[in-house]
Each structure stands twice: as C-alpha cells, then as structure tokens.
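We will go from stop to stop, with a word on what to look for at each one.

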Amino acid sequence: MADVISVTNSDSAFDASKGVTRTNLPPFAQRLRKAADLVWEEGYRQPFIRELGEGTLPREKFAFYLLQDFRYLNDYARVHALGLAKTDDPEIMAFMLNVQNGALNVESTVHRTYLASYGITDEQMNNVRQSAFARAYTSNILSIAYGKDILDILVAVLPCAWVYADYGYRLAHEFADTLDVNQYKSWVDMYKTEEFWSSSAWLIEHVEQLVEGLNEERRAELVDIFVTGVQNEYMFWSSAYDMQYTWKPEWDQES
C-alpha cells in the first residue's frame with residue numbers, strides 16, 4: 001500500500017487545474033522530492049516509523065521523541081517569526097503567523113498531554129536537554145531564517161510539513177486494519193489529514209511561484225536546503241529511537 005500512495009520518481013505533467021495534491025506536484029516540487037527520495041524512503045522504513053505504525057514502538061522512545069520535538073517546536077516558531085519579518089506579502093505573513101501560533105499552542109498542548117500520560121512533569125518538559133541531532137536541525141533552520149531571504153525560509157520549513165504529512169497519510173493507509181488499537185493512533189490521526197497536508201500544499205505552491213525566473217545556481221541552493229532538511233528529519237527520528245543525545249555514547253555526559 002505504501003508504494004502505491006507515495007510519490008513516484010518519474011517526472012509527470014502538472015495539471016494546474018487540479019491544484020497541488022499529493023500526486024499532482026508542480027515541476028520544482030517534483031525536483032525537490034526526487035532529490036530527497038533516497039533518505040525520504042529510508043526514513044519511512046526506519047524502525048521508529050515502522051514500529052510507530054505497528055503500535056509496537058516502546059513508550060520510552062516515543063517519550064524521548066516528544067520531548068525533543070517539544071523543544072524543536074520552540075525554535076520552529078522562531079523561524080516563522082523571523083520569516084514574518086522578512087516579507088511584505090500579506091498571505092505569507094498570515095501563514096507564518098498561523099504556523100507560529102500552531103507550533104506554540106496546538107502541538108505543544110498535544111505534546112504535554114502525551115508526556116503527562118507518561119508521568120513526565122512540566123518541569124521536565126520545560127528543561128528538556130536538547131540532543132545533538134535536534135540541535136543540528138534547529139541550528140540549521142535558524143541560521144537560514146536569520147541570514148537568508150523568505151524563499152530560503154519557506155524551503156527550509158517545507159521538509160517538516162511535507163514529510164509528516166506524507167508519513168502520517170501512508171501509515172494510516174498501510175496500517176488501517178490495526179490503527180484503531182494502536183497506542184499511537186492519535187499521532188497518526190493528526191498527520192494523516194488533508195487539513196495537515198494543506199500546509200505543505202500551500203508551501204509547495206508559493207515556493208513554485210517564487211522560484212520562477214531563478215537561475216540554476218539559485219535553484220540548486222534551494223534543493224540543497226530541502227534535502228538537508230529531510231536528512232535532519234531522518235536523524236531526528238533515528239536518534240530518538242536510539243535515545244541518543246550525542247554522537248557517541250561515551251560523550252553523553254550532562255553538564
């Protein structure tokens with residue numbers, strides 16, 4: 001099932017009359033997706049995602065992920081605040097503000113609910129130690145937000161939105177027969193929806209508009225930003241599965 005609903009590697013004609021959909025992507029979005037395909041598909045097959053879909057992921061690994069994601073969302077909100085300050089386009093400004101509010105309010109509430117069910121306190125959430133892998137991810141997107149323009153920022157935040165929308169949708173279809181008894185059903189339910197996909201579609205559409213007329217060197221820079229983001233998504237989940245704070249276990253000493 002997963003192979004059927006994933007985006008293929010072959011180029012396909014974009015039908016503008018249908019708008020941006022999971023299987024109807026404009027040309028530059030197809031290029032981004034194809035460039036990241038290897039790590040994107042390996043990401044879907046990695047143990048964290050497989051066991052999450054099966055409902056067998058150990059709770060302590062999921063809690064580790066949620067704590068890191070809780071910390072990540074604060075920086076994700078900052079990136080969108082910086083993006084808001086770098087555009088005069090009212091539509092982009094509204095999008096950035098909505099995502100910022102969502103990161104700080106909606107998803108953080110979900111994380112607090114999950115973590116509280118594991119006996120994790122607000123104090124632990126607010127003082128969570130950031131892993132080296134999460135720090136590499138957030139440092140990268142914050143650097144782009146501070147030093148680049150709005151197009152770079154849109155491309156930098158696209159992997160998070162798109163990967164989650166794709167994996168949630170695919171997991172919901174692949175594990176449809178067992179999802180109702182899956183302890184992580186609410187996570188899959190959040191990211192499988194067309195409502196969540198709409199953020200990715202919006203980003204894809206606006207990136208497509210902004211790359212029009214750009215030279216190949218500039219486009220290649222944007223592709224590199226996108227692929228790096230997908231790689232960081234992979235490492236975020238992989239390090240959570242291993243409950244890994246640093247590059248080597250022997251380095252793992254809290255200050």
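Which residues have the most contacts inside the largest nonpolar core? Select F48, F62, Y65 and W187: these are the ones, in a core of 83 residues. Bear in mind as you look around that this is a predicted model.

**Stop 1: F62**

Center the view on F62, which sits in helix α5, residues 59-84. Its relative accessibility is 0%, so F62 counts as buried, the cut-off being under 20%. Show what surrounds it: leaving aside neighbours within four places in sequence, F62 is in contact with F48, L52, L57, Y114, Y118, Y184 and W187. Then pick the C-alpha atoms of F62 and W237. The two residues are 175 apart in sequence, yet the C-alpha atoms are 9.4 Å apart in space.

**Stop 2: W187**

Move on to W187, one of the contacts of F62. Not counting residues up to four places away in sequence, W187 touches L52, F62, Y65, Y114, Y164, L171 and W237.

**Stop 3: N182**

Next, select N182 in the loop between α10 and α11 (185-191). Is N182 buried or exposed? With a relative accessible area of 7%, N182 is buried. Beyond residues up to four places away in sequence, N182 touches L52, G53, E54 and G55.

**Stop 4: two helix pairs**

Two packed helices are described by the angle between their axes and the distance between the axes.

Begin with α3 (residues 37-45) and α4 (residues 47-54), whose axes are 5 Å apart at an angle of about 45°. The pair is therefore oblique. Show side chains for G43, Y44 and R45 of α3, together with P47, I49 and R50 of α4, to see the contact. By type, its residues are 3 nonpolar, 1 polar and 2 charged.

Now switch to α2 (residues 27-35) and α12 (residues 194-211). Here the axes cross at roughly 110° and come within 8 Å, which means that α2 is roughly perpendicular to α12. On the α2 side, the contact is made by P27, F28 and A29; on the α12 side, by I204, V207, E208 and V211. This contact has 6 nonpolar residues, no polar ones and 1 charged.

Conventions:
Residues numbered from 1 in each chain as written. Predicted model: local features only at pLDDT ≥ 70, side-chain atom pairs only at ≥ 80, totals over all residues. Heavy atoms only, no water. Axes fitted to C-alpha atoms, helices over the stretch in contact; angles between N-to-C directions. Helix = DSSP H or I, 4+ residues; strand = E, 2+ residues; numbered from the N terminus. Parallel < 35°, antiparallel > 145°, perpendicular 65-115°, else oblique. Contact = heavy atoms within 4.5 Å. Nonpolar A, V, L, I, M, F, W, Y, C, P; charged D, E, K, R; others polar. Core = buried A, V, L, I, M, F, W, Y, C linked by side-chain atoms within 4.5 Å. Buried < 20%, exposed > 50% of the residue type's maximum accessible area, 1.4 Å probe, protein only.
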